[in-house]
Amino acid sequence: QVQLVESGGGLVQAGGSLRLSCAASGRTFSSSAMGWFRQAPGKEREFVAAINWSGDRTYYVDSVKGRFTISRDNAGSTVYLQMNSLKPEDTAVYYCAMNRIAQPAGIAWWYRSYYDYWGQGTQVTVSS
């Protein structure tokens, strides 16, 4: 069974930075793409970023391009989300998730149904 545990959330002022971490247990981490999603109050959970199994390909939602960076450490079974130039609209609970595909293409990068395992989430609050 796979377990995903996020950490690194908190309260930050607009323009600040945070780095989220997601530690994975289980034997499939290094052969799975990983993603970050977020859910703001009253809104649907939305895709943020994803990275393929080897870490050499990434995919981002337009609203975070140039500000967020996803990376992974397969030896440590951890995926990261570096968030810079944070805005109040980035406020949400952030979830990491494990994709059933190692090398996604097309909608498999961002469509929730391709992600089989989810963490419990970590709160990110950006004050104006």
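Tyr59 sits in strand β6, which spans residues 58–60. The model is predicted. Tyr59 has a relative accessible area of 34%, so the residue counts as partly exposed. Leaving aside neighbours within four places in sequence, Tyr59 touches Phe47, Val48, Ala49, Ala50, Trp109 and Trp110.

Tyr59 and Ala105 are 46 residues apart along the chain. Their C-alpha atoms are separated by 9.9 Å.

## Aromatic cluster

Tyr59 belongs to one aromatic cluster with Phe37, Phe47, Trp109, Tyr115 and Trp118. The count of aromatic pairs comes to eight. Take Phe37 and Phe47: the ring centres are 5.6 Å apart and the planes stand at 80°, so this pair is edge-to-face. The edge-to-face class needs an angle over 60 degrees.

Phe37 lies in strand β4 (residues 34–39) and Phe47 in strand β5 (residues 46–51), so the pair ties together parts 10 residues apart in sequence. The cut-off for buried is under 20%.

## Arginines over rings

Two arginines lie over ring faces. Arg45 is placed over the face of Trp118, at 5.1 Å from the ring centre. Trp118 is itself a member of the aromatic cluster. Arg72 lies over the face of Phe29, and here the distance to the ring centre is 4.5 Å.

## Arg38, a buried charge-bearing side chain

Arg38 is found in strand β4. Its relative accessible area is 6%, so Arg38 counts as buried. Which side chains make polar contacts with the side chain of Arg38? Glu46 does, at 2.6 Å. Asp90 does as well, at 2.9 Å.

Beyond four places in sequence, the contacts of Arg38 include Glu44, Arg45, Glu46, Val48 and Asp90. Also among them are Ser63, Val64, Phe68, Ala92, Val93 and Tyr94. Arg45, in contact with Arg38, is the residue that lies over the face of Trp118.

## The four-stranded sheet

An open sheet of four strands runs in the order β1-β3-β8-β7, with antiparallel pairing. Strands β1 (3–7) and β7 (68–73) stand at the edges with a single partner strand each, so one side of each has no neighbour in the sheet. On average, neighbouring strands of this sheet are turned by 15° against each other, direction ignored.

Inside the order, β3 (residues 18–25) pairs with β8 (residues 78–83). The sense is antiparallel, over six bridges. Ser21 stands opposite Tyr80 in β8.

Strand β11 covers residues 122–127. Its covered face holds Thr122, Val124 and Val126. The uncovered face holds Gln123, Thr125 and Ser127.

β11 pairs with β2 and with β9. Strand β2 (residues 10–13) runs parallel to β11 and is joined to that strand by four bridges. Val12 has Val126 as its bridge partner in β11. Strand β9 (residues 92–99) pairs with β11 in the antiparallel sense, over three bridges. In β11, Thr122 is the bridge partner of Tyr94. Both Thr122 and Val126 are on the covered face of β11. Tyr94 is also one of the residues in contact with Arg38.

Methods:
Residues are numbered from 1 along each chain as its sequence is written. This is a predicted model: local features need pLDDT of at least 70, side-chain atom pairs count only at pLDDT 80 or more; totals for chains, interfaces and linings use all residues. Side-chain values use heavy atoms; hydrogens and water are left out. Rings of Phe, Tyr and Trp (its six-membered ring) pair if their centres lie within 6.5 Å; planes under 30 degrees apart count as stacked, over 60 as edge-to-face and the rest as tilted. Helices (H or I, at least four residues) and strands (E, at least two) are DSSP runs, numbered from the N terminus. A charge sits over a ring if NZ of Lys or CZ of Arg is within 6 Å of the ring centre and within 35 degrees of the ring normal. Two strands pair if DSSP finds at least two bridges between them. Axes are lines fitted to C-alpha atoms, for helices over the stretch in contact, and angles run from 0 to 180 degrees between N-to-C directions. Buried means under 20% relative accessible area, exposed over 50%, partly exposed in between (1.4 Å probe, protein chains only). A polar contact is a pair of N or O atoms within 3.5 Å; within protein, one must be able to donate a hydrogen and the other to accept it, and residues adjacent in sequence count only if both atoms are side-chain atoms. Contact means heavy atoms within 4.5 Å.
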